Amino acid sequence: MKAVKRTVIVLVISIIGSWVHAQDSIPKIEVLAKASKNDIKLRWAPNSPVAWQRLNTYGFIVERSTIIRDGMLLNDVEKKVLTPLPIKPRPLNDWESIVDENDYAAVAAQAIYGETFELSENYSNDIIQVIQKSKELEQRFSFALFSADQSFEVAELSALAFIDNTAKEGEKYSYKIKSAVPNDIEEIDFGTVYIGLEDYEPLPKIYDLQAVFGDKSVILSWERLNFEGIYNSFIIEKSLNTPDNFKPISKEPIINASSSEKIQTRRSYKIDSLSKNGQRVYYRVKGINAFGEISPPSDSVFGEGFIRLSGRPEITKWTTDNVKAEIQWDFGNKVGLEGFKVGRSSNVDGPYMTLDIVGNETSKYVDDEPMGTNYYRITAFNANQDIHSFPVMVQLEDSIPPAIPTGLKGTIDSTGVVSIEWNENIESDLLGYRVYRTNFKSAEAIQITKNAVKDNSFRDTISIDNLTGKIYYNVQAVDKRFNPSEKSILLELKKPDIVPPVPPVFNNVKTQIDGSYLQWIPSSSTDVVRYDIYKKTKNESNWELIGSLGSDKDNFLDSLVQTGQNNYYTIVAVDHSGNESIPAKPVQLVTRKKVIGEFSNLAIKLNQQEKSIEISWDYNGPSVSKYIIYRSKGDDRLSLYRSIDGSSVSFFDDSTKKGSDYVYLIKSELDNGQGVFSSKMKISY
């Protein structure tokens, strides 16, 4: 048997020790399947070296069970043995024709049939030591399975693969790979896989191929983790000068193997050498799966080899006379260097504006128009590289403060969030703004920003549930040398009013001939705009608004009362924001008036012919000078409506509208001004 080439040995030796053998008491056969448009390929392997050796002697049995046909689950599963005789590794003579062309075939054949497992004669002592540390059977097992993974043809020769050409569309199968080893020699568990032709999926192309070019070399990398379990090796292709003449960079595929599962990265890497710099080179990559199928090529990347700059420029000296700034730098090895770029920024993190581009022998630059604060950076460059120095700061003397901020304006919402803004300053060396606040116009404002804010706006949160109705802000600008401006004009903001006024207190209430007299101590709140007076009788549950007076009033006469009526009164203070005080403690008054007459036979009805409401009554008592009619419409309060002659005992109201409710009240008035009220009369028109 011929020895395998050293290049293959270097690839395969790296996977020794990465195989994780099953520790179960019963070995098992692991199975993979891949559907194409016309057939189904099966790949398997035992997970034990001893089981593999015995299966090489007794062989494997491939059994197929048809589970589904035309979308229907079969009641009786159709079983068929696809291998009438157990399949075993092909005889040694069958390997001879391909070992000269397929190095993996040579490795597998030597692992299966070789008397001693020697893969080459010229590899290094280190490799020999690694091989000698493993048992020979494990070596044979590892290399045989590895070779089968790299070539489907080798897998078939090794009895580790099978193609089912009899699979049909519309059917789904369960394949079982069974051991032909007698159980009294060793029990080996079978493996299964479920698949049909409809499970065919085209192979995905590899993505995110990247290339980092250097001096006659390139480091290629591509996504590995998301293709793990799909591809076990890769083909890297290269094309010179043109993107359509790709050829593999090596005879054998590239294998990213590791001796430890812990040493896994997301990407695969390969270094390729270039014959010369300055020549455009294109690369692309393809994946190979365990069935020997090759994926579509990835998107290509390209570049050119070049001499990489070594080292980093260093700014060694910088000075300023407050008018100009001078910087000097040093750069060691200038091989491949084209020149330097002088950059400047107002911020250490940039962006840097290029002030000048100078030759590779220059090491000094004078900035004739520096800013107040400057960060300088030197960039060494060639056609393919930019290497930046660490920046240095150069400051001019500056004692001139920024302008005073102007145009302050702001708002406060109902939750106490304050939003203020002002005109933006235009100084190039502006650091930001400090914001100050005070509750009183005459008090010193306190800074509420820990650091200078960059924007010309600010949000604050305050408490509005207190008795101070206003709050004040002003702003100060500060530059990068911490020179502060004068503070802006004080901004006055009025807080939303959510505090109800203090309630008034009744201090003098009494009954009079002309009604109920109410007097109160006004609310102590300064923003009261009116007082609302409410009344209800002893048997009523709802309060009725009977009057609204200005904040300058402190008394009220309720003349709409009846003899012997038990009335309750309360009063509410209302401020300019509509906030109402709690009602004053109610007071009770019973009307007692001298009997000077009495209404009887009150009647109210609709006069359809006249389209009016007719009211009639009888009155027993002294001669009446006139009757006063009170009326309310809907939810309105009773108010003076008409006055009629004292000789009348009826009233026609022709100023009415259909669909409305009306309430009437009649008062008699004698010559001396005294009188009595009737009961209320209600009607719906």
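Predicted model: local features only at pLDDT ≥ 70, side-chain atom pairs only at ≥ 80, totals over all residues.
Reader: What makes D199 and K172 a salt bridge?
Author: The term requires a side-chain nitrogen of Lys or Arg within 4 Å of a carboxyl oxygen of Asp or Glu. The closest N and O atoms of D199 and K172 are 2.8 Å apart, and the pair forms a salt bridge. D199 lies in the loop between β7 (191-196) and β8 (210-214) and K172 in strand β6 (residues 171-179), so the pair ties together parts 27 residues apart in sequence. D199 itself is partly exposed, at a relative accessible area of 32%.

Reader: How do you know that K334 and E361 form a salt bridge?
Author: Their side chains meet at 3.9 Å, N to O, and the cut-off is within 4 Å. With a relative accessible area of 32%, K334 is partly exposed, while E361 at 62% counts as exposed.

Reader: Which parts of the chain do R64 and D164 link?
Author: R64 and D164 meet in a salt bridge at 2.9 Å, N to O. R64 is in strand β3 (residues 60-69) and D164 in strand β5 (residues 161-164), 100 residues apart. Strands here are DSSP runs of E, at least two residues, and helices are runs of H or I, at least four, numbered from the N terminus. Both R64 and D164 are buried.

Reader: How many salt bridges does a search of the whole structure find?
Author: The search finds 31. R69, E78 and E171 are linked in a network of salt bridges.

Reader: Why is helix α6 described as largely enclosed?
Author: Eleven of its 15 residues are buried, so α6 is largely enclosed by the rest of the structure. The buried residues include R140, F141, F143 and Q150.

Reader: What makes a set of residues a nonpolar core?
Author: The members are buried Ala, Val, Leu, Ile, Met, Phe, Trp, Tyr and Cys residues joined through side-chain atoms within 4.5 Å. In the largest core, of 47 residues, I40, L42, W44, W95 and Y175 touch the most other members. Helix α4 (residues 103-113) gives the most to this core, with seven residues. Another core, of 19 residues, lies apart from it, with F599 and Y662 among them.

Reader: How do you know that β23 and β24 pair?
Author: Two strands pair if DSSP finds at least two bridges between them. Strand β23 (residues 409-412) and strand β24 (residues 417-421) have four bridges, in the antiparallel sense. I412 stands opposite V418 in β24.

Reader: Which strands stand at the edges of the open sheet of four strands?
Author: The order is β26-β25-β28-β29, with antiparallel pairing. β26 (446-447) and β29 (491-494) stand at the edges, each with a single partner strand, so one side of each is left without a neighbour in the sheet.

Conventions: Residues numbered from 1 in each chain as written. Heavy atoms only, no water. Buried < 20%, exposed > 50% of the residue type's maximum accessible area, 1.4 Å probe, protein only.
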